[in-house]
Amino acid sequence: MKNLVCIAILAVLISCKNTSENNQEINKSDENTTSETITISQDSLIYPEEKHFKNMRQVTFGGDNAEAYWSFDDKQLVFQSNNKAWGLECDQMFVMNATDNFKDTQPSMISTGKGRTTCAYFLPDNKHFVYASTHLVDTNCPEVPLRKNGKYVWPVYDSFDIFVADLQGNITAQLTNEPGYDAEATVSPKGDKIVFTSTRSGDLELYTMNIDGSDVKQITNELGYDGGAFFSPDGSQLIFRSSRPKTEAEIADYKNMLAQGLVQPTEMELYICNADGSNLRQLTNLGNANWSPFFHPSGKKILFSSNFEAERGFPFNLYMIDVDGKNLERITHGETFDAFPVFSNDGKYLVFSSNRNNGGGRDTNLFIAEWQD
């Protein structure tokens with residue numbers, strides 16, 4: 001759903017604020033919240049303008065960590081990391097309890113440790129998850145091209161397929177076996193459908209399928225990279241990012257890149273549609289890269305990452321916008337990179353990835369904030 005190398009590059013370009021933690025314990029009496037006891041931090045991790053964050057705690061402390069997604073009961077999260085201190089050469093999948101942090105420990109790896117993986121997402125039973133992996137074609141980490149003809153690019157590996165595994169890392173099903181790229185799978189909050197991106201049509205389009213892989217339906221059909229899709233809280237809509245070329249030169253460049261298994265993600269806007277693909281409309285028209293969108297628990301707003309205010313490609317910050325494209329609001333105020341915002345199902349917490357508090361280094365870590373509207 002993204003390339004973690006992008007995060008490392010952004011972190012090299014500019015260093016961010018160096019803050020310190022001051023952790024404390026609070027008790028939660030509601031059994032339906034993320035956990036009965038959760039470690040939070042004082043405001044040292046929160047910039048003064050970030051009024052939607054009441055508390056924040058850091059979860060990981062090294063490497064590139066991203067795409068953390070909650071279990072349906074909000075008790076666990078799955079995420080991907082390439083932390084070399086954990087013996088990794090490229091992204092693998094990990095599971096954590098919602099109260100964990102990994103300053104001095106290592107989480108449980110739940111992918112095979114072979115090939116490259118991306119985009120894990122819990123299934124409704126909270127005991128299985130879907131993710132994409134290249135391991136069937138090559139057990140080694142594939143090469144990651146960063147630039148092509150002077151342009152920043154993401155690889156789109158034909159070797160990605162989507163699998164189901166349990167929380168011990170045992171693969172229990174393979175959901176895709178078409179030629180080409182199949183990845184970026186996320187699950188409807190209703191628990192009945194999966195949306196994913198595939199090149200099976202010859203272009204990068206969105207598809208849905210049942211959680212057992214049956215009843216595959218194409219959702220988008222316009223030239224361009226449609227990806228990173230998420231369902232609305234009621235499962236009726238999809239929000240996604242797209243880079244849709246318009247001019248003859250842009251179209252030729254896009255097709256040439258895709259033929260080489262590459263896309264250029266520097267110009268992307270957000271689109272929204274019904275879950276069957278109807279009523280498709282462009283949500284943002286901001287310029288630069290607008291991506292990693294996620295629905296607010298109300299279903300009436302979208303949280304996303306963007307560098308549209310940046311003059312040199314960075315920083316990326318989180319923004320919120322109504323589903324009709326109105327009332328754009330900046331949420332984070334970092335100096336480098338904030339992205340991949342995901343609300344807990346109860347709407348009380350937000351997990352996201354950030355370069356904050358990394359001592360000016362390259363690390364991108366996971367943070368969990370208590371959300372307040």
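Is valine 342 buried or exposed? Select valine 342: at 3% relative accessibility, valine 342 counts as buried. Buried means under 20% relative accessible area, exposed over 50% and partly exposed in between, with a 1.4 Å probe and protein chains only.

Before going on, note that this is a predicted model, in which local features need pLDDT of at least 70, side-chain atom pairs count only at pLDDT 80 or more, and totals for chains, interfaces and linings use all residues. Residues are numbered from 1 along each chain as its sequence is written, and side-chain values use heavy atoms, with hydrogens and water left out.

**Stop 1: around valine 342**

Valine 342 sits in strand E28. Helices (H or I, at least four residues) and strands (E, at least two) are DSSP runs, numbered from the N terminus. Leaving aside residues up to four places away in sequence, valine 342 touches Ala68, Tyr69, Trp70, Phe294, Tyr349, Leu350 and Val351. Contact means heavy atoms within 4.5 Å.

In strand E28 (residues 338-343), select phenylalanine 340 as well. Its phi is near 55°, a positive value in a residue other than glycine. Phenylalanine 340 is buried, with a relative accessible area of 5%.

**Stop 2: the whole protein**

Zoom out. The protein has two helices and 30 strands, and buried residues make up 58% of its 373 residues. Of the contacts between residues at least 6 apart in sequence, 51% join residues at least 24 apart.

**Stop 3: helix H2**

Select residues 248-259. This is helix H2, with 12 residues and a reach of 17 Å from its first C-alpha to its last, close to the 16 Å expected at 1.5 Å a residue. The expected span is 1.5 Å times one less than the number of residues.

Which residues of H2 are buried? They are Tyr254, Met257 and Leu258. These residues cover an arc of only 95° around the axis, so they are on the same side of H2. The arc is that of the directions from the helix axis to the C-beta atoms. On the other side of H2, Glu248, Ala249 and Ala259 are exposed. What covers the buried residues of H2 includes strands E10 (147-148), E11 (151-152), E19 (225-231) and E21 (262-263). After H2 comes glycine 261, with a positive phi near 75°.

**Stop 4: the largest pocket**

Stay with H2, which gives the most to the lining of the largest pocket, with five residues. On a 1 Å grid over the protein atoms alone, a pocket is an open set of points where a 1.4 Å probe fits, with protein on both sides within 12 Å along at least five of seven lines; lining residues have an atom within 4 Å of a point. The lining has 19 residues, and Ser243, Arg244, Pro245, Glu250 and Glu267 lie nearest the centre of the pocket. The elements that give two or more residues to this lining are strand E20 (237-243), H2 and strand E22 (269-274).

**Stop 5: two loops**

Most residues other than glycine have a negative phi, and most peptide bonds are trans. In the loop between strand E8 (117-122) and strand E9 (128-133), select asparagine 126. Asparagine 126 has a positive phi of about 65° although it is not a glycine, and it is buried, with a relative accessible area of 15%.

Last, go to proline 315, in the loop between strand E25 (301-306) and strand E26 (317-322). The peptide bond from phenylalanine 314 to proline 315 is cis, with omega near 5°.
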